[in-house]
Amino acid sequence: MKKIIAFTGSNNPNSINEKLVLSILKKYPGQNIEFIDLKDFNVPIYSQEIEQNGIPKQIKKLFQLFTEANAFIIASPEHNGLPSAFLKNIIDWLSRIDQRIFCEKPVLLLSTSPGPTGGKTHLQILEKLVLRWGGLFVEQYSLGSFDQNFDKNNLSIIPPEENEKLKIALQAIMSGVPLTKKNNVEVVKDYFNSFQNGNMEQVLNSFHPDCYIVSVKEEERSKEELHGIYRTQEEAKQFLNNITALFNTKDFTVNHISSAGDHLVMANGTFSHEVKSTGKLFNSTWAQLCIIKDEKIKEYRFYEDSAALVVASTL
Ligand SMILES: Cc1cc2nc3c(=O)[nH]c(=O)nc-3n(C[C@H](O)[C@H](O)[C@H](O)COP(=O)(O)O)c2cc1C
């Protein structure tokens, strides 16, 4: 079985990052995850002068443990937007033995903090450094608002959705394979495919829980009215219900989907809906703008020929 070494970048005796790591060991006892306390490898701040007397024996021992491991879990406290000086010092020392200290093995990055972002900002920096230090970055997970989201007595994360996110990240390190993420265009393509396959559950699941939908006009609407604003995934369900209540879709063609920046995806095409109340065809070109977040549609704007709808809805 693969041996995973887990450690934190904290020298705080009451480290919350250590508690996060220990909660993983408690929850996944059979996974051969070994906790290493870097405080036991405490060494002076690196200096060339000290190195002239030799690399400290603790560092040599730690490097040996690294070479014997198959993968790494690092829970890194964020200090002013960066990893702690304590962690960086140990890495500096290790790098004097071999710059590629992670020996081409998978690395999972974790962090937690009392603040809402949980130290996520610095993991983006650490992710790049892990590659430079010879690691294969597989995934990252941050637990925000530690005091509210963590049960210190039971050493466990409280919100089920946070447990689920961590579980997915752990699956990545256990398999050693980075999670494959959909790019933004793929998210929108999958949305259309689900629609065309009639899989409304998947369509709904394409929306971010906190989504914002504008159907043609950015105005408040009554519940059954199709055009207007919908907020949250719950109202996205209403949006889909309103479409199917009003129309029998005869044709929906996607002509083009393209990325238009970091998070924006634009699409356009044509459709032909039969208006159920009149039996008349509502033919229109359409344009769709989506802002993608975490592989979900966070903001969705759909524009069609609303004047043609008025004609098709009139007997
Ligand atoms: C010098 C210093 C800088 C900090 N900077 C940040 C920061 O940039 N972001 C953050 O979320 N928390 C920051 N914190 C708060 C830490 O997240 C908090 O101290 C946490 O307990 C550190 O994790 P640990 O308990 O595992 O050491 C900072 C704390 C210290 C002492």
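Trainee: Which residues surround the ligand, and which are closest?

Mentor: A residue is near a molecule if its C-beta atom, placed from the backbone, lies within 6 Å of it. Here 15 residues surround the ligand, and the closest are S10, S15, N17, P77 and S113. The elements giving two or more residues to that shell are α1 (16-27) and β4 (78-79). Helices (H or I, at least four residues) and strands (E, at least two) are DSSP runs, numbered from the N terminus.

This is a predicted model: local features need pLDDT of at least 70, side-chain atom pairs count only at pLDDT 80 or more, and totals for chains, interfaces and linings use all residues. Residues are numbered from 1 along each chain as its sequence is written.

Trainee: How many of the shell residues are nonpolar, polar or charged?

Mentor: Ala, Val, Leu, Ile, Met, Phe, Trp, Tyr, Cys and Pro count as nonpolar, Asp, Glu, Lys and Arg as charged, and the others, Gly among them, as polar. The shell around the ligand has three nonpolar, 11 polar and one charged.

Trainee: What domains does the protein chain have?

Mentor: Bounds come from an automatic or database domain assignment. That gives domain 1 (4-175) and domain 2 (184-313), with 43 Å between their centres, taken over C-alpha atoms.

Trainee: Where is T232 placed, and why does it count as partly exposed?

Mentor: A residue is buried if 20 or more other C-beta atoms lie within 10 Å of its own, exposed if 12 or fewer, and partly exposed in between, with C-beta atoms placed from the backbone. T232 is in helix α10 (residues 232-246) and counts as partly exposed because it has 15 C-beta neighbours inside 10 Å. Though not a glycine, T232 has a positive phi of about 70 degrees.
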